[in-house]
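Keep the sequence and the 3D view side by side as you read.

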Amino acid sequence: MSVVALCSAHGAPGTTTSALALCWAWPVARPGRRVLLVDADPAGSGLLTGYLSPGVPDAAGVSALAAGRLPVTAEQVVGCGVALDGAGTRMVLPGIADPVQARPLASMWQSLLGAARDLSDSGIDVVVDVGRVGHRAEPRTWLAGADLVGVVVRGDLASVAPAAAAVRGLAAERTGRLAAVAVLVDAAGYSPAQIGEALGVTHVLSLTRDPWTARALAAGGATGWRFERSPLHRAARAVVERIDALAPDRTVVTR
Ligand SMILES: Nc1ncnc2c1ncn2[C@@H]1O[C@H](COP(=O)(O)OP(=O)(O)OP(=O)(O)O)[C@@H](O)[C@H]1O
Ligand SMILES: [Mg+2]
């Protein structure tokens, strides 16, 4: 696995929270690998207002990366990242605060996708928060070029119908690549198989509704025994294992 992109189709189903949950679970489920969360939501970062609200250095983030010369290198990407844990096994590349900053980023996204291959070779996988599909400055690079795309969805009708349309749109975008999968935040009484059928996807990766852990992730408090044993963290570990099985490494990795 190298690049996983998460997007949504309607409302705020939990894309940023799910991306953070995967990021925290990643090195636990894949010992020896590190992970970089790329905050690519063109509508404005969901992390800067939550997880990263204490502030990020001026030299960090996608805008700092885009201000430099292209193509970006893996070293530059890591240099613009912020460590989420003491060991630096989880990092985030902070996004934009204002949607007007999204448009000039298109060529940088393409370059960053290229750098992601080098990052993978040095043991760092990439999880991208793409935000909602259909934004006029949507970073389509990630939707077309990621190894795996997950459409984040809740099991209610208001969420499933637009997500099914997004899945159809992604099928055209990803010809010859692994079809989009569903990332289910809250089954709302349906089975994953029912949701998968309604969405037209073969694979449904189930997270779980867990308000305490969702709030802890948003507040940056993703530590301690309660977090480690929480339903969302456990589900996220299982999802990372499924992702690894669905889109295995193209490079040989020493674990
Ligand atoms: N697994 C979950 N269990 C419980 N609540 C959740 C879960 N995931 C997200 N939430 C809650 O849902 C709300 C929206 O979450 P989040 O910001 O992650 O959504 P989003 O899809 O990224 O939204 P946006 O489109 O605004 O970026 C938040 O209040 C968050 O705490
Ligand atoms: Mg978000």
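Start with residue classes: Ala, Val, Leu, Ile, Met, Phe, Trp, Tyr, Cys and Pro count as nonpolar, Asp, Glu, Lys and Arg as charged, and the others, Gly among them, as polar. By these classes, seven nonpolar, nine polar and seven charged residues line the largest pocket. This is a predicted model, where local features need pLDDT of at least 70 and side-chain atom pairs count only at pLDDT 80 or more, while totals for chains, interfaces and linings use all residues. Residues are numbered from 1 along each chain as its sequence is written, chains are lettered from A and ligands numbered from 1 in the order in which they are written, and side-chain values use heavy atoms, with hydrogens and water left out.

How is empty space found? Rolling a probe the size of a water molecule over the atoms shows where it is left. The search uses a 1 Å grid over the protein atoms alone. A cavity is a set of points where a 1.4 Å probe fits but cannot get out. A pocket is an open set with protein on both sides within 12 Å along at least five of seven lines. Lining residues have an atom within 4 Å of a point. Points are joined across faces, edges and corners, and a volume is the space filled by probe spheres set on them.

The largest pocket holds about 410 Å³ of space. Its lining has 23 residues, and A12, P13, G14, T15 and T17 lie nearest the centre. Two or more lining residues come from each of α1 (15–29), β5 (124–132), β7 (181–186) and α8 (211–219). Helices (H or I, at least four residues) and strands (E, at least two) are DSSP runs, numbered from the N terminus. The largest share of this lining is four residues, from α1.

What sits in the largest pocket? Ligand 1 does; the rule is that more than half of a molecule's atoms lie within 2 Å of the grid points. The elements giving two or more residues to the shell around ligand 1 are α1 and α8. Here α1 gives the most, with three residues. Of the 16 residues around ligand 1 (a heavy atom within 4 Å), T15, T16, T17, T208 and D210 come nearest.

Now look at polar contacts with ligand 1, pairs of N or O atoms within 3.5 Å. A polar backbone atom of T15 is 2.9 Å from an oxygen atom of ligand 1. For T17, a polar side-chain atom lies 2.6 Å from a ligand 1 oxygen. R154 also has a polar side-chain atom, 3.2 Å from an oxygen atom of ligand 1.

The largest cavity has a volume of about 40 Å³. Its lining includes D39, D41, W109 and P139. By class, that lining has nine nonpolar, one polar and two charged residues.

Finish with the backbone. Most residues other than glycine have a negative phi, and most peptide bonds are trans. L70 and P71 are joined by a cis peptide bond, with omega about 0°. P71 lies in the loop between α2 (62–67) and α3 (74–79). A188 is not a glycine, yet its phi is positive, about 50°. Find A188 in the loop between β7 and α7 (192–199).

Conventions. A polar contact is a pair of N or O atoms within 3.5 Å; within protein, one must be able to donate a hydrogen and the other to accept it, and residues adjacent in sequence count only if both atoms are side-chain atoms.
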